[in-house]
Amino acid sequence: MCKKILIIDDDREILFSMSAICELASWRSLTALSVKEGLRKFKEHRPDIVLVDYHLPVINGIEGVKRLRQLDRRVPIIVLTIEEDQQIADSFLKAGADDFALKPIKAPDIISRIYVHLKLKESLERQEDEYFKGISNETLKKIEEFLIRENRFYSINEIAKGTKLAYQTVHRYLYHLESKDRVEISYIYGKVGRPQKKYRIIV
């Protein structure tokens with residue numbers, strides 16, 4: 001299946017050259033001149049990877065990455081930028097970007113970056129398919145009913161105790177629900193150690 005690459009950049013020359021690069025690699029390019037147009041095309045076409053410029057009109061690249069992440073938590077996002085500023089790079093990573101490519105774009109570099117992220121995405125999807133084999137609808141329903149009963153945040157231990165299921169079983173099913181965007185997660189920060197995750201069903 002031909003991979004779809006969404007490119008969001010307000011420079012028509014960049015869009016043209018990136019489309020040519022995609023054609024060279026036998027990928028289908030989708031182009032957008034703004035974040036608003038890019039989000040619309042993302043919803044319509046569900047691309048396999050997104051390339052987004054930093055300097056964009058009205059809505060900049062950082063906000064664009066945040067909005068894309070609200071639509072899809074896993075799609076690879078590569079930022080195109082002329083900036084070599086670590087603070088900007090950190091802002092993009094915090095927003096949810098996966099990688100950076102400095103302008104001017106060089107075909108071998110961007111092709112290799114896209115290829116690596118596409119392979120990683122395929123590998124993660126295969127791992128998830130294996131992980132979710134054997135998901136029981138009965139067990140899933142039991143966890144969902146427990147979470148719906150009192151629509152609040154629960155720790156894995158609380159869910160395991162309330163459903164009388166093993167901790168590892170609950171963890172696995174919550175991961176499944178998370179992948180389907182069926183739960184909301186809250187992080188509880190204590191004085192020592194890693195933050196504790198709590199889960200609430202999205203109804």
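A crossing of two helices is called right-handed if the near helix is turned clockwise from the far one by less than a right angle, and left-handed if anticlockwise. Keep in mind throughout that this is a predicted model.

**First stop: two helices.** Select helix H2 (residues 35-45) and helix H3 (residues 61-71), whose axes come within 10 Å and cross at roughly 20°. Because angles under 35 degrees count as roughly parallel, H2 is roughly parallel to H3. The crossing in which H2 passes H3 is right-handed. Now show side chains: Val35, Leu39, Phe42 and Lys43 from H2 meet Gly64, Arg67, Leu68 and Leu71 from H3. Of the residues in this contact, five are nonpolar, one is polar and two are charged.

**Next stop: helix H4.** Select residues 86-95, which form H4, and colour its buried residues, Ile88, Ala89, Phe92 and Ala95. These residues cover an arc of only 125° around the axis, so they lie on the same side of H4. Turn to the face away from that buried side to find the exposed residues Gln86, Gln87 and Lys94.

**Last stop: Arg113.** Select Arg113 in helix H5 (residues 107-131). Is this residue buried, partly exposed or exposed? Arg113 has a relative accessible area of 24%, so it is partly exposed. Show its contacts beyond four places in sequence: Arg113 touches Ile78, Asp99, Phe100 and Ala101.

Technical notes:
Residues are numbered from 1 along each chain as its sequence is written. This is a predicted model: local features need pLDDT of at least 70, side-chain atom pairs count only at pLDDT 80 or more; totals for chains, interfaces and linings use all residues. Side-chain values use heavy atoms; hydrogens and water are left out. Helices (H or I, at least four residues) and strands (E, at least two) are DSSP runs, numbered from the N terminus. Buried means under 20% relative accessible area, exposed over 50%, partly exposed in between (1.4 Å probe, protein chains only). Contact means heavy atoms within 4.5 Å. Axes are lines fitted to C-alpha atoms, for helices over the stretch in contact, and angles run from 0 to 180 degrees between N-to-C directions. Angles under 35 degrees count as roughly parallel, over 145 as roughly antiparallel, 65 to 115 as roughly perpendicular and the rest as oblique. Ala, Val, Leu, Ile, Met, Phe, Trp, Tyr, Cys and Pro count as nonpolar, Asp, Glu, Lys and Arg as charged, and the others, Gly among them, as polar. The arc is that of the directions from the helix axis to the C-beta atoms.
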